[in-house]
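Reader: I am new to this structure. Could you show me how to read its features, step by step?

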Amino acid sequence: MTGSHRTTAPATAPATATRVLVLNSGSSSVKYQLLDMADGTRLASGLVERIGEGAGEGTARMVHTPHAGEAGRRERGGPVPDHAAALKAVAEELAHDGLGLDSPALAAIGHRVVHGGMRFSAPTVITDEVLAEIERLVPVAPLHNPANITGIRTARALRPDLTQVAVFDTAFHTTMPEYAARYAIDVETADAHRIRRYGFHGTSHAFVSRRAAELLGKAPEEVNLIVLHLGNGASASAVRAGRCVDTSMGLTPLEGLVMGTRSGDVDPAVTFHLRRVAGMSVDDVDVLLNKRSGLVGLCGDNDMREIGRRIEEGDERARLAFDIYVHRLKKYIGAYYAVLGRVDAVVFTAGVGENSAPVREAAVAGLEELGLAVDAGLNAVRSDAPRLVSPARARVAVAVVPTDEELEIAEQTFALVAAGRRGGGRES
Ligand SMILES: Nc1ncnc2c1ncn2[C@@H]1O[C@H](COP(=O)(O)OP(=O)(O)O)[C@@H](O)[C@H]1O
Ligand SMILES: CC(=O)OP(=O)(O)O
Ligand SMILES: [Mg+2]
């Protein structure tokens, strides 16, 4: 948007360098992929999870998959106290296969950054000044931006000469009209503190929107979509002709849908009430709503697989948690149907959206009048491919489209590097 950040990368790697390492640092995990953008091959991928848990007791787990595939998969356990240690482990695993960070074939490192505030609406080369801005946004993404920053700092220390690019979760949502982005609170107060709805998971919403259009055999500009990203964090977006016009997350990734550990929408007065009546501090309420709510707060489990098992055993709390989750989802489908006026497809993605047939079925149950339904047989099929699960000739398609935030980040990162090589290294 505004600001003086570079919009293309300086040419720091040789023109033959075509590899991009993507780091997606979450609150307690790092997902990574090394891709060769010359032909789109994935050279390695992996995950370090439970970072910082039970430090010293070795509860963290790392799974690294070299390009040889599942057969070459390596796992290691042991303590991983923080994100810096996690990234060092990633660098070691890559080096083991001759794909170390010192490789001249590496063109750039792309980082998922969750909050980009008002300023960043496009992938951005990370300078000291850009990093300072990402740090300034920590209070509005306390679970996410600190991990992203550690990822950036560690990667920069390992390869100071290499272009590092930030790809923001908020970027795709910067097209929201003002009436969708602005809260109905005092304008001066809101503006002074940059309080507005930013939206998150945008990299996924953007990637999935394009893939869904492809699945429908149309250009992104020709379709209106409701995209439901249902992972640990979860968000819905209304996408008109390839552009986001509304999304369920707001100032922070707390608003909207019921999530694994986050409440999503609640009356903000819950906070005042807990403060006044239960004597809880603001930080206590923050922890309550972000970490002890959602599915885990309702039934003790945040994994939809476990909740499904418990429901089959007749567990009432698990059943109620599922029903609350689905009720909220259905309300957002209805709301975004109204926002868009005409909907071509409702698209499910991320861990729950891609894998939970019961959630998809329940979310559209009873919406036949809106042209929405799933075909039980198609919905039950397990597959990694984008697919339709609605009945043939349905007025509105229901689709499952696997997301790949890392691939999208790699593509956006490499596009910036390639533009820099073409001599476009302009400052905006
Ligand atoms: N086979 C499955 N059936 C139902 N839910 C699943 C399945 N696999 C994963 N999930 C759900 O997906 C969640 C993780 O989603 P994911 O998109 O990987 O999360 P994140 O990227 O936010 O960590 C799990 O917590 C679980 O609830
Ligand atoms: C923004 C957000 O909620 O991300 P995640 O789903 O990775 O927690
Ligand atoms: Mg995710």
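Reader: Where is Asp-169 placed?

Author: First, a caution: this is a predicted model. Asp-169 sits in the loop between β8 (163–168) and α4 (178–181). The UniProt annotation "active site", from an unreviewed entry, covers Asp-169.

Reader: Does Asp-169 count as buried or exposed, and why?

Author: Count the C-beta atoms around the residue. A residue is buried if 20 or more others lie within 10 Å of its own. Asp-169 has 27 such neighbours, so it counts as buried.

Reader: Now the domains. How is the chain divided?

Author: The chain is divided into domain 1 (19–168) and domain 2 (218–405). The contact takes seven residues from domain 1 and five residues from domain 2. On the side of domain 1 that touches domain 2, four residues are nonpolar, two are polar and one is charged. The C-alpha centres of the two domains lie 27 Å apart.

Reader: Why does ligand 2 lie between the domains?

Author: Ask which domains supply the shell. Domain 1 (19–168) and domain 2 (218–405) both give residues to the shell around ligand 2, so ligand 2 lies between them. The surrounding residues are Gly-26, Val-114, His-144, Asp-169, Phe-200, His-201, Gly-231, Asn-232, Gly-233 and Pro-253. By class, the shell has three nonpolar, six polar and one charged residues. Asp-169 and His-201, discussed above, are among the residues around ligand 2.

Reader: Which residues come nearest to ligand 1?

Author: Start with the nearest residues, then find the elements. Of the 14 residues around ligand 1, Gly-231, Asn-232, Met-304, Gly-351 and Asn-355 come nearest. The elements giving two or more residues to this shell are α10 (304–312) and α12 (350–355). α12 gives the largest share, four residues. The shell around ligand 1 divides into three nonpolar, nine polar and two charged residues.

Reader: Which residues does the UniProt annotation "binding site" cover?

Author: Check both sequence and space. The annotation, from an unreviewed entry, covers Asn-24 and Glu-405. They are spread over 382 residues of sequence, yet they cluster in space: the largest C-alpha distance is 8.3 Å. Asn-24 is found in strand β1 (residues 19–25). Glu-405 is in helix α15 (residues 405–424). Asn-24 counts as buried, with 23 C-beta neighbours inside 10 Å. Glu-405 is buried too, with 24 other C-beta atoms within 10 Å.

Reader: What does Glu-405 touch, not counting residues up to four places away in sequence?

Author: Glu-405 touches Asn-24, Arg-112, Thr-203, Ser-204 and Phe-207. Asn-24 has contacts including Arg-112, Glu-405 and Glu-406.

Reader: How far apart are the C-alpha atoms of Val-20 and Val-417?

Author: Compare the distance with the separation along the chain. The two C-alpha atoms are separated by 9.9 Å, while Val-20 and Val-417 are 397 residues apart along the chain. Val-20 is found in strand β1. Its contacts include Ala-410, Thr-413 and Phe-414.

Reader: Last, how many residues has helix α11, and which are buried?

Author: An α-helix has 3.6 residues a turn, so residues three or four places apart point the same way. Helix α11 (residues 316–340) has 25 residues. It reaches 36 Å from its first C-alpha to its last, close to the 36 Å expected. Its buried residues are Ala-318, Ala-321, Phe-322, Tyr-325, Arg-328, Leu-329, Tyr-332, Ile-333, Tyr-336 and Tyr-337. Gly-341 follows α11, with a positive phi near 80°.

Technical notes. Residues are numbered from 1 along each chain as its sequence is written. Chains are lettered from A and ligands numbered from 1 in the order in which they are written. This is a predicted model: local features need pLDDT of at least 70, side-chain atom pairs count only at pLDDT 80 or more; totals for chains, interfaces and linings use all residues. UniProt positions are given in the numbering used here, feature names are shortened, and annotations may be inferred rather than shown by experiment. A residue is buried if 20 or more other C-beta atoms lie within 10 Å of its own, exposed if 12 or fewer, and partly exposed in between; C-beta atoms are placed from the backbone. Domain bounds come from an automatic or database domain assignment. Two residues are in contact if their C-beta atoms, placed from the backbone, lie within 7 Å. Ala, Val, Leu, Ile, Met, Phe, Trp, Tyr, Cys and Pro count as nonpolar, Asp, Glu, Lys and Arg as charged, and the others, Gly among them, as polar. A residue is near a molecule or strand if its C-beta atom, placed from the backbone, lies within 6 Å of it. The expected span of a helix is 1.5 Å times one less than its number of residues.
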